[in-house]
Amino acid sequence: MKLPSPKEYVPATPAGRSFAVTSLINAIGTGLYLAGSAVFFVRSVGLTNAQVGLGLAVSGVVGFLTTVPIGALADRFGAKPTLVLLQLWRAGGFVALAFAEGMVSFTVVSCCLAAAEAATQPMTQAVASATTEGTDRTRTMAIVRTVRNFGFSLGALLAAPLLAADRVWTYRGIVLGTAAAFVLSAAMLSRVRTATAATVQKKVGPLTALRDFRDWRYLLLTAVNGVLNLHTTILSVGLSLWALQATHVSAGFLPVLILVNTVMSIVLQVPISRLVDREGGAERALLLGGLALTACCLALALAKAPSSALVAGAVLLAACVLLTFGEMWQAVGGWELSYEFAPEDSKGVHLSVFSLGGTGQRIVGPALLTSVVIAAGPAGWIGLAVVFCAAGLLVAPVTRMLRHQSAPVPVEEVAS
């Protein structure tokens, strides 16, 4: 792979650069919260582990159900105004969360936050695409993802001294700091200039837009991408649990795997986005993502065999590298194909529908990984490898159907 130049990490347009800075601020706030959320839930809100899990599960379902209606509103009022509103909505939700006490208030606030957070990803994609043109939109999204990874890490570092203080108000300070980051992000986003097409969209109500959605081929693409999105749960849940339960590596080795994933994502995501500049590059990226995730699962299945912690650690490290490549290829392929096949007058609905694949796997993925794949041992990982391979191979026929659907009708056929 050709070494990237520093210019490749800078969006081509002033609007793209402004949006990248906005995304960085947003990610710092998110990283601040993610680093301290578990402690905050228990020591400030006063929840048990089971209550936290139940509240987050309920909020995940709410986020799944509200994403597409919010996308329909974006088609009517514009992606950028909708994203600004979502950032302010999230800020207000985090202020309320800072003072929540008990299971009921935590669940209600979490549901409100989940509705905004689930809709943020497709709106971010729509606005990022509106700051640039052509295939550069995928490079811009890759830059946004890179700065977000950096922002998550920076936010986590900022949370460390607040967590060390071990006081209720410092935990609340983490959540209020997250809210402040979203307010600042919304203020900066409101000044970003996007194309007119991203602001003026279909003037129909959200219920009408949802009722008119009939694009089953796009739903197939969403399902395939959702399966490949399981890499998120493998990284957050599966990799660590499998390493501790099935191998001889120590718990201290696990942060190394997360660090490898983060560094690779920051350094390589933008160069990998070049793949979509070639004809058929987006389909190839999703296929490569499926094959890399297939190899990752096979490596995880092999990690149980070695009796040496050193050998097991090397296999896990190889699996982590394959997982990261699968994650990056899936991301660029998904961004490009989801935008390419979304009609201009219903970008919000289509991109929101596409994001349901990722939202759905976040709801189903943890149970699938823990109760099925890990519980079955190496055979479970081999079975998941087969699923990933099948998903990757389905990309080409699904995109062919989508292109056939969107191909213009020849003039002679119209005349006849």
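Glu 283, Glu 340 and Arg 403 are joined in a network of salt bridges, a salt bridge being a side-chain nitrogen of Lys or Arg within 4 Å of a carboxyl oxygen of Asp or Glu. The model is a predicted one, in which local features need pLDDT of at least 70 and side-chain atom pairs count only at pLDDT 80 or more, whereas totals for chains, interfaces and linings use all residues. Residues are numbered from 1 along each chain as its sequence is written, and side-chain values use heavy atoms, with hydrogens and water left out.

Because Arg 403 lies in helix 14 (residues 378-406) and Glu 283 in helix 11 (residues 281-302), the pair ties together parts that are 120 residues apart in sequence; helices are DSSP runs (H or I, at least four residues) numbered from the N terminus. Arg 403 also forms a salt bridge with Glu 340, with a distance of 2.9 Å between the closest N and O atoms. This second pair links distant parts of the chain, Arg 403 in helix 14 and Glu 340 in helix 12, 63 residues apart. Glu 283 is buried at 14% relative accessibility, while Arg 403, at 33%, and Glu 340, at 34%, are partly exposed (buried means under 20% relative accessible area, exposed over 50%, partly exposed in between, with a 1.4 Å probe and protein chains only).

The structure holds three salt bridges, one of which joins Arg 145 to Glu 327, with the closest N and O atoms 2.6 Å apart. Arg 145 in helix 5 and Glu 327 in helix 12 (residues 309-340) are 182 residues apart, and the pair thus links distant parts of the chain. Arg 145 is buried, at 19% relative accessibility, as is Glu 327, at 7%.

Thr 131, in the loop between helix 4 (102-130) and helix 5 (136-165), is buried, with a relative accessible area of 5%. The side chain of Thr 131 reaches the backbone oxygen of Ala 128 at 2.6 Å. Residues up to four places away in sequence aside, Thr 131 touches Thr 13, Ala 15, Gly 16, Phe 19, Thr 140, Val 192 and Thr 194, contact being heavy atoms within 4.5 Å.

On helix 2, by contrast, Leu 65 is exposed, at 58% relative accessibility.

Methods:
Helices (H or I, at least four residues) and strands (E, at least two) are DSSP runs, numbered from the N terminus. A polar contact is a pair of N or O atoms within 3.5 Å; within protein, one must be able to donate a hydrogen and the other to accept it, and residues adjacent in sequence count only if both atoms are side-chain atoms.
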